[in-house]
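Grab a pencil and work through these exercises with the model open beside you. Try each task before you read its solution.

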Amino acid sequence: MTDQSRKQGSAVIRDVQITFDCADPAGLATFWAEALGYQVQAPPGNFESWDQALDAMGVPPENRNDASAVVDPEGSRPRLFFQRVPERKQVKNRVHLDVRAAPGLEGDERMAALEAEAERLISHGAKRLSRHEPTPPLGAGHLIMADPEGNEFCLD
């Protein structure tokens, strides 16, 4: 591989989007926007609402929840895209998000911050799956959660 192709290759993969297959794109987008401090992506062009945009595009009402996306208001974190699929989640995720809810905290203070965030997310439809206590020197402790459609993620 040449230096030029490496440079071109790294420019191509610099931006990442995380895609979720799901049953309810709008609902899951709303949950993850709340969980991460994101916002639902604004409609394209000069449209004031997604309904206006979808009307103009000729998208029938039964297809208006086929996809949704959330974005970081500051534009520095990856976009999350949600697409409707017919099948339900079958098995444990092989890749998951770690939501860094207690950076810089340790021990009881860390676990209390994670528990508080877990309760907040539960009020938005998440489920608590398990708690893993700190095991020094390497294990800081974390909570395993599931979003409203059962996708596992960690509060870390």
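**Exercise 1. Are Phe31 and Phe153 buried or exposed, and how do their rings sit relative to each other?**

Step 1. Both Phe31 and Phe153 are buried, where buried means under 20% relative accessible area, exposed over 50% and partly exposed in between, with a 1.4 Å probe and protein chains only.

Step 2. Before going on, know what you're looking at: this is a predicted model, where local features need pLDDT of at least 70, side-chain atom pairs count only at pLDDT 80 or more, and totals for chains, interfaces and linings use all residues. Residues are numbered from 1 along each chain as its sequence is written, and side-chain values use heavy atoms, leaving out hydrogens and water.

Step 3. A pair of aromatic rings is described by the distance of the centres and the angle of the planes. Rings of Phe, Tyr and Trp (its six-membered ring) pair if their centres lie within 6.5 Å; planes under 30 degrees apart count as stacked, over 60 as edge-to-face and the rest as tilted.

Step 4. Searching the whole structure gives five aromatic pairs. For Phe31 and Phe153, the ring centres are 6.2 Å apart and the planes make 55 degrees, so this pair is tilted.

Step 5. Phe31 belongs to helix α2 and Phe153 to strand β8, so the pair ties together parts 122 residues apart in sequence. (Helices, H or I with at least four residues, and strands, E with at least two, are DSSP runs numbered from the N terminus.)

**Exercise 2. Which residues touch the most other members of the largest nonpolar core?**

Step 1. A nonpolar core is a set of buried Ala, Val, Leu, Ile, Met, Phe, Trp, Tyr and Cys residues joined through side-chain atoms within 4.5 Å.

Step 2. This core has 25 residues, and the answer is Trp32, Leu80, Phe82, Phe153 and Leu155. Its largest share, seven residues, is supplied by α2.

Step 3. Now zoom in on Trp32: leaving aside residues up to four places away in sequence, its contacts (heavy atoms within 4.5 Å) include Phe20, Leu80 and Phe153.

**Exercise 3. What is the strand order in the open sheet of four strands?**

Step 1. Read it off as β1-β4-β3-β2, with mixed pairing; two strands pair if DSSP finds at least two bridges between them.

Step 2. At the edges are β1 and β2 (39-40), each pairing on one side only.

Step 3. β1 and β4 run parallel and are joined by six bridges. Here Thr19 stands opposite Phe81 in β4.
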